[in-house]
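Here is a short note for a colleague who is opening this structure for the first time. The points below cover ring pairs, charges over rings and salt bridges.

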Amino acid sequence: MATPTTGPFGDLPTAPYDPPVPPHAAGTDVVQRSVRDFPETGPAVGFAVAGTVLHDSEDLIVMMTVPGSEMAGRGGPRSGPNSRLVAPGDWDGSYELSAWRGSTVVRAHRPGEPWSIWRWHDGTDWTPRWYGNLEAPWRRTPLGYDMQDWALDVVAEGDPATDDWRVAMKDEDELAWFVDNGTATPEIAERITEVGATVRGIFERREGLVGADWGAFVPPADAGLVTFPEGWQELRP
């Protein structure tokens, strides 16, 4: 598989920390940020979500975000597909703060892989909703984890152990729009599509984290909402 490493959907536009940031302890409140080189500002945080570490090791990172936890996205006109704020020049440099809604989401990522697997827990059990988010491999920071969202995603519904399991792609229109508007080259989009096919295959075959036991990552019943740390929007706090 050819993993994108350059271009607007390539690796993070900031250098790794030296020395590297060690794994965060379970229970640590963190912020996960999508970082991209924007034409309006240069390298900057595109969106961010606060959460709590459930597990962090060299082989696996797991974090959760409970309802009410802080989120932030870029502010400005939404002239992209389906009124999304993705068009070059749309961002006015501000951030719109909000809160995570719905059920608690748990994101699991194996370091080095250009995707993460998401599940939702309603306080009683896992919901039938699954998500494969295509992104640059996570990089630890003193505040949490940085990645870079790649627009294309995989969605699944049901129980992977039964015949009601359904898998599909999401946001293919957004990736095509990026190519049409020159934000991403056809070559980068093709490589992202290849990653999407890989992740879809993992879901369809119930492999990796999709077929794993998530019992150790059930959100604690007393988990509280998390707010952003000071300096969350700074790339080098």
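1. Over the ring of which residue does the charged end of arginine 129 sit? The ring belongs to tryptophan 120, and the charged end lies 3.8 Å from its centre. Please keep in mind that this is a predicted model.

2. Another arginine is placed over a ring. Arginine 119 lies over the face of tryptophan 214, at 5.4 Å from the ring centre. Tryptophan 214 itself is buried, at 4% relative accessibility.

3. Tryptophan 214 also has an aromatic partner. With phenylalanine 217 it forms an edge-to-face pair, 6.4 Å centre to centre and with 90° between the planes. Phenylalanine 217 is buried too, with a relative accessible area of 12%. Both residues belong to one aromatic cluster, together with Trp126, Trp130, Trp165 and Phe203.

4. Aromatic pairs number 15 across the whole structure. One of them joins phenylalanine 38 and tryptophan 91. Their ring centres are 5.1 Å apart and their planes stand at 70°, so this pair is edge-to-face. The cut-off behind that label is an angle over 60 degrees.

5. Now the salt bridges. The count comes to five. In one of them, arginine 140 pairs with aspartate 56, and the closest N and O atoms are 2.7 Å apart. Arginine 140 lies in strand E8 (residues 126–141) and aspartate 56 in strand E2 (residues 42–56), so the bridge ties together parts that are 84 residues apart in sequence.

6. Glutamate 204 and arginine 200 both lie in helix H2 (residues 186–205), four residues apart, about one turn of the helix. Their closest N and O atoms are 3.0 Å apart. Glutamate 204 is partly exposed, at 39% relative accessibility. Arginine 200 is also partly exposed, at 29%.

7. Glutamate 207 pairs with arginine 205, with 2.9 Å between the closest N and O atoms. Glutamate 207 is partly exposed, with a relative accessible area of 35%.

Methods: Residues are numbered from 1 along each chain as its sequence is written. This is a predicted model: local features need pLDDT of at least 70, side-chain atom pairs count only at pLDDT 80 or more; totals for chains, interfaces and linings use all residues. Side-chain values use heavy atoms; hydrogens and water are left out. Rings of Phe, Tyr and Trp (its six-membered ring) pair if their centres lie within 6.5 Å; planes under 30 degrees apart count as stacked, over 60 as edge-to-face and the rest as tilted. Buried means under 20% relative accessible area, exposed over 50%, partly exposed in between (1.4 Å probe, protein chains only). A charge sits over a ring if NZ of Lys or CZ of Arg is within 6 Å of the ring centre and within 35 degrees of the ring normal. A salt bridge is a side-chain nitrogen of Lys or Arg within 4 Å of a carboxyl oxygen of Asp or Glu. Helices (H or I, at least four residues) and strands (E, at least two) are DSSP runs, numbered from the N terminus.
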